Amino acid sequence: MIAFFLIILVTILVLFAIYSKRTNSDFPESFKTQHSPLKIGHRGASGYCPENTMASYNKAIELGADFLEVDIHLSKDGELMVHHDPTLERTTNGKGNIRDYTAAELLELDAGSWFHPDF
């Protein structure tokens, strides 16, 4: 239960950190009105880059995202790891649950070449 609240807290802090770096002049006039929609980069810019990677987050910011949505899981050794699924197969060359690997082992996985050779 504590891990769940820690994950929520870290997610909120990441979003706040990104949002707080912007000044009022960074936002278009339409954003400053009460009814403007927010642009949220789901897993970064997952349509352009491998999801939940720095390349994806940088692309989302480049495209004008107001917030970045991230997913966080705990590794075997208790480190916070950004990854959408609780398992590795869909977006990495790993197999199994994130919670069964240490952070060092997870950092060795390929999380980009499935998307495009540039990653």
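Visitor: Is Phe 119 buried, exposed or partly exposed?
Guide: Phe 119 is partly exposed, with a relative accessible area of 37%; buried means under 20%, exposed over 50% and partly exposed in between, using a 1.4 Å probe and protein chains only. This is a predicted model, so local features need pLDDT of at least 70 and side-chain atom pairs count only at pLDDT 80 or more, while totals for chains, interfaces and linings use all residues. Residues are numbered from 1 along each chain as its sequence is written, and side-chain values use heavy atoms, with hydrogens and water left out.

Visitor: Thanks! How many aromatic pairs are there?
Guide: The count is two. Rings of Phe, Tyr and Trp (its six-membered ring) pair if their centres lie within 6.5 Å; planes under 30 degrees apart are stacked, over 60 edge-to-face, and the rest tilted. One of the pairs is Trp 114 with Phe 115, edge-to-face at 5.5 Å centre to centre and 90° between the planes.

Visitor: And why is the pair of Phe 115 and Phe 119 given the geometry label it has?
Guide: The planes of Phe 115 and Phe 119 stand at 75°, with ring centres 5.8 Å apart, so that pair is edge-to-face. Trp 114, Phe 115 and Phe 119 make up one aromatic cluster. Trp 114 is partly exposed at 41%, and Phe 115 is partly exposed at 26%.

Visitor: Switching to charges: how many salt bridges are in the whole structure?
Guide: Four, taking a salt bridge as a side-chain nitrogen of Lys or Arg within 4 Å of a carboxyl oxygen of Asp or Glu. Arg 43 and Glu 51 form one of them, at 2.9 Å from N to O.

Visitor: Is Arg 43 buried or exposed?
Guide: Arg 43 is buried, at 15% relative accessibility. Glu 51 is buried too, at 11%.

Visitor: What else pairs with Glu 51?
Guide: Arg 90 does, with the closest N and O atoms 2.6 Å apart. Arg 90 sits in the loop between strand S4 (80-82) and helix H3 (103-107), and Glu 51 in the loop between strand S1 (40-42) and helix H2 (54-62), so the pair ties together parts that are 39 residues apart in sequence. Helices (H or I, at least four residues) and strands (E, at least two) are DSSP runs numbered from the N terminus. Arg 90 is partly exposed, at 43%.

Visitor: Which salt bridge involves Lys 59?
Guide: Lys 59 pairs with Glu 62, with the closest N and O atoms 3.1 Å apart. The two are three residues apart in helix H2, so about one helical turn separates them. Lys 59 is partly exposed at 22%, whereas Glu 62 is exposed at 59%. Elsewhere, salt bridges with shared partners join Arg 43, Glu 51, Asp 85 and Arg 90 into one network.

Visitor: Staying on H2, which of its residues are buried?
Guide: Ser 56, Tyr 57 and Ala 60.

Visitor: Which residues form the largest nonpolar core?
Guide: Its eight residues are Ile 7, Ala 45, Tyr 57, Ala 60, Ala 65, Leu 68, Val 70 and Ile 72. Such a core is a set of buried Ala, Val, Leu, Ile, Met, Phe, Trp, Tyr and Cys residues joined through side-chain atoms within 4.5 Å. A second, separate core has five residues, including Met 81, Leu 88, Ala 103 and Leu 106.

Visitor: What does Ser 75 touch?
Guide: Leaving aside residues up to four places away in sequence, Ser 75 touches Met 81, Ile 98, Arg 99, Tyr 101, Thr 102, Ala 103 and Leu 106, a contact being heavy atoms within 4.5 Å. Ser 75 lies in the loop between strand S3 (72-74) and S4, and at 5% relative accessibility Ser 75 is buried.

Visitor: Last one: what pattern does the protein follow along the sequence?
Guide: The pattern is α-β-α-β-β-β-α, with three helices and four strands. Buried residues make up 32% of the 119 residues.
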